[in-house]
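Okay, thanks for coming, everyone. I'd like to walk you through a few spots in this one, strands to begin with and then some helix packing. Here it is on the screen.

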Amino acid sequence: MILIVDDDPVIRTSLRMLLSNAGYSTDTADSPVRAMEVVRRSVPELVLLDMNFSRFTTGHEGLTLLRQIKIFAPEVPVILMTAWGSIELAVEGMKAGAFDFITKPWDNRNLITRIATALNMSREPEDDPATDNSFDRSFIIGKSSGLNAVLDTVRRVAPTNAPVLITGESGTGKELIAEAIHRNSRRAAGPFVKVNLGGLSQSLFESEMFGHKKGAFTDAVADRVGRFEAADGGTIFLDEIGELDITCQVKLLRVLQEMRFEPLGSSKTKQVDVRVVCATNADLRRMVAARTFREDLYYRINLVNLELPPLRSRTDDIALLAEYFMQQAAKANGLDKPCIAPDAIAFLRQQRFPGNIRELKNLVERTLLMSGATTLSADDFRACTSSSPATSSTLEDIERMRIIESLRINHGNMTQVAADLGLSRGALYRRIEKLNIDRNGCD
């Protein structure tokens, strides 16, 4: 049973008819007192909760009711209903334990999708993930406990439409996890559209994401389909979302809320059905506190958070990854695959790899091409490592020395340094700033 809590009889009737047509049983309440009577009598599967119960309320009555529901039925998902101008109130509700929020007027299809997602997420999984042979984990190498914990969550959320935020250091495999979510979802037959927001300027954001009509601006010589429309029926992967300009964040939030937009130069609204997966190596909580990332957008994209472990905490996976990358590199270059000696594996396990899996991959490929030996030893890998800092150094010391050494070797060429370290240019710039490295002094 879904409990609808709203003081407006028209909204209660409308929602009851909508949910009944979708196959759900419902009950209604026109006040917080009546709502709690229903919750105490028969715990609902889900609650649709209006935040305002009169024209003069500040919304705190709705927050109080939310907290009361969470005391009596902590496992029941609550979806908040609020006007667009009350988004800050909805964010407060998310902090208090709400599952999601929608703005009035809502889109019926979007609301039914949100409800189905909430119900699916709140139910216990029927199958044991360890024995689920239907799960597709293609190209994801490893068996460490940290990786398996992430994949267990992927198994559970992939079949839903829940927005997912993938976080972790650069080079930890966020795109592979996003692809795994799509492959194991009901949208697997639909498109998987990747967008690197870090490389998207503010002036091109709307055209790239929502498309444009011919003549919408000077260089618009033809109609263009935006990324959201291209992803209709599938998944859109928004990488480096922490790099998105604050003004573009507002535009993105509206589309994520309503799944509707107008291409530039068009007055016709387009409706799409898209699952959103975001990724970043930035600390979004800190950015929210610094007001460089919108709090409402953070809660909209962060319904499920997947934190990927760095490679240094996955040492059990290094041998498997090294063998996999060696096999792929040998095949790509038409070479016989050499063996990796035990002392070489031990050496690799001792490395900190600030660039994570991407850095390990580059090191394996570089050693294969430079050595030519049939069995690669620790010395072969050591010779192809930019530097070998003392194991007693702190992680920041190691990162700093590796970056300075690479800057010197590559004469300050940031593109080559980023490739050498297995980092994106954006991540490299952030590390240089964080570690207070003088680029000009490394030539």
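So, β8 is covered on both faces: T235, F237 and D239 are buried on one side, and I236 and L238 are buried on the other. Buried here means under 20% relative accessible area, with over 50% called exposed and anything in between partly exposed, using a 1.4 Å probe and protein chains only. With 5 of its 5 residues buried, strand β8, residues 235-239, is largely enclosed by the rest of the structure.

Quick caveat before I go on: this is a predicted model, where local features need pLDDT of at least 70, side-chain atom pairs count only at pLDDT 80 or more, and totals for chains, interfaces and linings use all residues. Residues are numbered from 1 along each chain as its sequence is written, and side-chain values use heavy atoms, with hydrogens and water left out.

Who are the neighbours of β8? Strand β7, residues 192-196, pairs with β8 in the parallel sense over 5 bridges, and there K194 stands opposite F237. Strand β11, residues 275-280, also runs parallel to β8, joined by 4 bridges, with L238 opposite C278. Pairing means DSSP finds at least two bridges between the strands. Helices (H or I, at least four residues) and strands (E, at least two) are DSSP runs, numbered from the N terminus.

Now over to another sheet. Five strands make an open, parallel sheet in the order β2-β1-β3-β4-β5. Its edges are β2 (26-29) and β5 (100-104), each pairing on one side only. β1, residues 2-5, is joined to β2 by 4 bridges, and L3 has D27 as its bridge partner.

On to helices. α13 (318-332) and α14 (342-350) pack at about 115 degrees with their axes 10 Å apart. Axes are lines fitted to C-alpha atoms, for helices over the stretch in contact, and angles run from 0 to 180 degrees between N-to-C directions. So α13 and α14 are roughly perpendicular; the cut-offs are under 35 degrees for roughly parallel, over 145 for roughly antiparallel, 65 to 115 for roughly perpendicular, and oblique for the rest. I318, A319 and A322 of α13 make the contact with I345, L348 and R349 of α14, contact being heavy atoms within 4.5 Å.

Last one: the axes of α18 (414-421) and α19 (425-434) come within 9 Å and cross at roughly 95 degrees. That pair is therefore roughly perpendicular too.
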